[in-house]
Amino acid sequence: MRNQPETLHEYNIPRLHWWFLLSGFVFLLSLVLMIWVDYSGGYAPWLALHGDREWKNYQHQFYTLDMKRLADDAKAAEVKANEAGLARMQDDLEKTNGELSGKKAEETKLQAAVDQARVEDDLITRQFTMEKAMRDQDRSLYEEALERDNMNTDVPEVRESKNKAEKQNDFVSKLDLLKQQADAKLQATKDNQTVLMGHEVELQHNIKRLDDGIKLLTTRYKQLDSSLVQGVVNAPVIEFAAGTIKVEQIIADKHHTDVNFATVPRVDRCIMCHKGIDRKDPTPEDRDWRAKHKIEVIEWSRQPQPLRNHPQMDLFVGDTSPHPATTYGCTVCHWGWDRETTFSRSGHTPEAEEKQPYILDASTKQWVKAPKSEDDEDDDTKAQKVVVSKTNVVEMTQKEVWQKNHNWEEEEFLMQPMRSAKYVQASCLKCHNAQTNLKGGEKLDHGRRLIEQLGCWSCHKMKQMETYTTHHVAAGEDFEGLCKFYDVNADDVRRLNGFPQEVSLTIGQEVNIPIRTLRKPGPSLYKVASKTNKEWMRKWLDNPVAFRPNTYMPRFWGLDNNAGTPDRNAVEINAIAEYLFAVSDQPKYPVPPVQGDAENGKKLVGQLGCMGCHVIDEKLMDVKVPASLKQYMDDWQYRRLRSQGPQLAGVGSKAGGNWLYAWLKDPKQYHPRTKMPNLRLGDQEAADVATYLAGLHNEKTDQETLPEAKGELLDKETIEYLQVTLPMEEARKKINNLDDLIELYFVDEETMKYYQDPARLAREETQLKALQKEFEETFDDAVDRKAKKLAAQIEQVKVKIQAAKQTVAGMQFTDKKNVYLGSKLIFRYGCYACHDIHGFETAKPIGTELSEWGSKPVDKLDFGLVDIEKGRLSWLKQKLHAPRSFDRGRIDVTRMPQELLRMGKFNLTDEQIDQIVTVVSGMTDEKLTPNEARQLTPAEFQIERGRWTVKELNCIGCHIVEAQGGAVRATGIATGMEPPLLSGTPTQLHQGQRTQPDWLFQFIKAPQTGQIRPWLHVRMPTFGLTDGEANVLVKYFALQGEAQFPYQSPKIDMTPEHLAAGKQLFEQLKCALCHIVDGKALGKPLAEIPEEDLPRLAPNLSQAHLRLQRDWLVNKWLVEPLAQQPGTRMPQFEYGTAIAPNILGGDGRKQIEALVDYVLTLGTHEQVAEVVPAPAPVAAPTQPQAQP
Amino acid sequence: MKLSKLLMVVVVSVLVTTVSHAADSASVSGKITFDGKPPKQKKIPTDADPKCAEMHADSPLLNEEVVVNADGTLKNVFVYVKSGLEGKTYDTPKTPVELTQTGCHYVPHVFGMMVKQPLEIINSDDTLHNIHAMPAKSKEFNVGQPNKDMKTVRTFAEPEIMVHFKCDVHPWMSAYVGVMTNPFYSVSGDDGAFSLKGLPAGEYQVAAWHEKYGEQVQKIKVGDGEAKTLDFKFSKPAE
Ligand SMILES: [Cu+2]
């Protein structure tokens, strides 16, 4: 071998060995690293390597914490057991044992006696059972024989068997007696034993119960504490077998996710880190108790993430909550990648941009929030006593902290990145869009109301804002039945679903049931020329906020993409104003019949309740809810409620006294769909208020002068728009002849169709000729009638067109240009989506549909040159904040004026923007299966309809409904003069329980103020509701208050004695001292009561029988008035012997019933006149004047 | 007069409770004076309830919002230890405090009691009164007393300065109670004097509360057995 020539190798074998060895090490090392990465959640800085198993650290942290909790709990259980007398019981047990040992002989004897008795009892029982079976057999033999022998008892066989059965029966009876005796004896010996030993047995039992609790906790603790468990079962590789540190997941089968077009259940692994998510905080009592006993308690809500528990556990996560984690999981609401187990890839989204101080926690090597200053430290940070020197505090955003702590980076390709806490309520929308007053969804609620009022939905279609519930058709359901089931108008359902007249449903089909219909948010401009002047209109268009700070009207000029062209803006604004005035109707408003008194008008505005919806000269944005209303609403609600109507400061600059007078007398004559109700003002009242309001001028607006609209610019822009359809040369010529382009705006809606379909007139003329010809041939009268009708129609259209032509021909040259340009600009900005404008009845809104915007991929959004984070929500925030900013740097270069962005800028605070972003980001393409949808029951459906109505009409501006609202109370209305509470918390009063539905219906339709509480200045307005709308409210109050509906007249005890007792009580309790009865109170006719005494009065009881429900009076109101209505002046009487021992035997319940029944006869023909029981009255119906 | 008798009851009950802390023997006393021209007590028209009018046919009922004594001292000022006793607990007296409705007004007009101490409300008139207490912290109550000599007992669960009582039948009726966790309080009477006895040595904030003129607070330090004086001066706020 040695002699053979060495093969010439490119390599050297020994060196190769070295190489092998080295690569072996490298492989080994990488294997170790692989295992390390897979096993560990640590960070190896020298390799810049993060372990993939961060969650293990958190589980470790969790178990450490949980062990501490167990130890604390065990200690607490021990102390509690001792408090419950464990030690004493143990002492007692010992003592009893000692006593018993002295009586050993007796104990043995007793035990022997029990044993003996038991043996005897057993024996006799056994014998009894056997003989009884025997007897039963004999009996049946006898019956068989009897049957065999045709019921003849004389046959020997029968007689014999009967004898036998009888004999056996006697024997059994005897045995039964013996058995009973034996049973009794056994019991007696046992009792004897119990007398001696019972105490001991009971003690043992109780000790065991207390002891077990402690043992359970200690055992669990030891399990976790064992180093064997911790060290071995969680070791690498073998951990999969039975580690305590393990992969955990919730398969939320009720909610799915779509992955690559396939529908799969969500598999949420969030709980691997968020292990404390369902841990409950100690109750305040428990906390106090433990503080007293110096036992620590873990407050899960104060743990650092991810160990912290979920807030609002009564709503989310908790087993008894409506969204238990076990069936809902996490990602259904929070989004994020359900199966992922690392921080970054699961889609965590950082919160707001503001920087906050952080410090590095030495033990965990994580950055944690630095405690602020000594003063505002809360208890837990104080307890930790972290020493903070100024030097190691770093100001960072949450994003930066995450990058440091978790190596976080944005997951661009996640379609559903986690929703940050700020916007998480967006998720509620996909299931709950039909509902309002969502607990835990306050931001969403505010946002939706805001979108409704701002009118975002009227330019941008938002299916979710249409508010319907989706019904999944089941077998046997038809369309008619469905409409009846929900009690909705079939036509509304047809319209919402686009159904034809004849509807046939298929099983599983989705039918949307409308809950409400939204009204165009802006006022009608059909008659605008009679309301205001062109000058004001121009200033208003130029900058609405300058005139009215809380307006919902957006600004269109002077923004990012047109602030640089003031002259052009002036031309546009002028053209629109000219257009609106040119096409406006011009009804005349005469001078009011009486002279108004501004001073009194001011007083009325403060008293009548106007301030529940309006504000005069208050800066609502700075307002904090007054303490007296804090329990009912938040700041936002307060601001919202009082922004239902416009801010009235300066209204005189816009409208004159005559118009205001007519408006106040009947708002609907000017604007049929206005939300402003009719206050039923008298002529003098209306004149006073109108005079006051007309005197409120906005000096700044009055003095402002706008730049003039320059003629040459008007021409330039007119040509620009003409050029859209014409070549430049022709456009230049056309500007001198615009008549045919603007005629159509001066005809009515019907005639306009002939302009939209220019061939229509010719077509109809041809048709007419054909008809005429047909008639000449057939002499068919029907054809003749048709022809004549068509001829008349054509004639009419021609007349209207001719009139329009004349109007236009009579116009100034400049006006024509303005009308033309104005019409184009109204099209461009889409003004008609919010306002009624002649000529735009059928125009389509200009905004993009936003129904699925929340799922829009970020790369489809144009960020322009704006330097913001490239995220869906940051884009939306920017859009709302500065809608035209995405044009920045592009004007004139890449964009023609007509191509510029056109969305208006709304005057929104950051908080409002967040509310809107919450809603819009919740409008996603997520589809719900029938199993997942939140289908409302018919009762819930009716309640939601009512809730939306209450909000839309702003009932809660004045009243408190469902413990919300009552804003008017904070506007200087005295205690006792507020509008009545309609429904408080669930235990407080409910209008549906208090009043009869029929009365409520009548009252809502046509309020009769001055009847029940004549002292009130606030006036319930007439909303002009249809029967259907009024019924929605009546049903809502009944169902929401869980009152009996439909209502049944109560059974009133009409016996004279009963009513006489009632009357006696009524007089003794001096009810009539405050309550109005028969038009009198305080012993005087109402008219004679001085103004300052009015607030002392209490409701008119002569109307009680028409208004109040007996059940409520008897079971709630008289029993504890304050529980029903906090602060009420109605006292609680101590019915029974305390106030009237001699009436109805001092029985409190009977007294209440008698009093109520008496009150319910007041004002009816059943009213008792005398206390002395009269002779039996003529047979009377059982209730007073039952309502139909 | 009944009023002084009732004040006696209050004072005595204060004394009784303080005796139990025999070791604590410091005291603070003084006078409340009124600076300026004393406002006149207005007559209250009571004819809204004939029963009330009858009782005041000869002596009209006077508004008690501000009562300046002849010597220029101010009546109905509630003086109490506002702070300095933290961590100390005092037993709740079992003897009830009385509030009487007589001649369609409350007697006493201002008084003090301890948390959970029984408050006995008596109607001495032959008309309906309702006693409507409007605490912010404890439970609100509103009890009707239609009969003469009716008694109702209530308590307050939480301390509060002050709880207002009103009668919804007779809107002029008004009274205030200071609900305390310690027994160191006193109401200035016809001589404008108050005294807080049996205090442990220490540093305190003593407050004087008046329904119209608000609250004043002064700091004071007392040693064991020391008796110090402290005066308060109220005046009409500038308008
Ligand atoms: Cu009274």
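This is a predicted model: local features need pLDDT of at least 70, side-chain atom pairs count only at pLDDT 80 or more; totals for chains, interfaces and linings use all residues.
Me: Why is the pair Asp487(A) and Lys1035(A) called a salt bridge?

Reply: The closest N and O atoms of Asp487(A) and Lys1035(A) are 1.9 Å apart. The limit is 4 Å, so the pair qualifies. Asp487(A) sits in the loop between α16 (479-486) and α17 (490-497) of chain A, and Lys1035(A) in helix α42 (residues 1027-1040). They are 548 residues apart, so the pair links distant parts of the chain. Helices (H or I, at least four residues) and strands (E, at least two) are DSSP runs, numbered from the N terminus.

Me: What makes Arg154(B) and Glu1134(A) a salt bridge?

Reply: Their closest N and O atoms are 3.9 Å apart. That is within 4 Å, so the pair counts. The count between chain B and chain A is two salt bridges.

Me: Which elements of chain B give two or more residues to the side that touches chain A?

Reply: They are β9 (129-133), β10 (141-145) and β11 (150-154). The largest share, five residues, comes from β10(B).

Me: How do you know that β16 of chain A and β10(B) pair?

Reply: Two strands pair if DSSP finds at least two bridges between them. Strand β16 (residues 1132-1133) of chain A and β10(B) have two bridges, in the parallel sense. The pair therefore meets the rule. Phe1133(A) stands opposite Gly144(B).

Me: How many residues of chain B are in contact with chain A?

Reply: 23 residues of chain B are in contact (heavy atoms within 4.5 Å) with 21 residues of chain A.

Me: How much area do chain B and chain A bury between them?

Reply: They bury about 1,700 Å², 54% of it on carbon and sulfur atoms. Buried area is the accessible area (1.4 Å probe) that two parts lose on being put together, summed over both.

Me: What scores does the model have?

Reply: The model scores ipTM 0.82 and pTM 0.79.

Methods. Residues are numbered from 1 along each chain as its sequence is written. Chains are lettered from A and ligands numbered from 1 in the order in which they are written. Side-chain values use heavy atoms; hydrogens and water are left out. A salt bridge is a side-chain nitrogen of Lys or Arg within 4 Å of a carboxyl oxygen of Asp or Glu.
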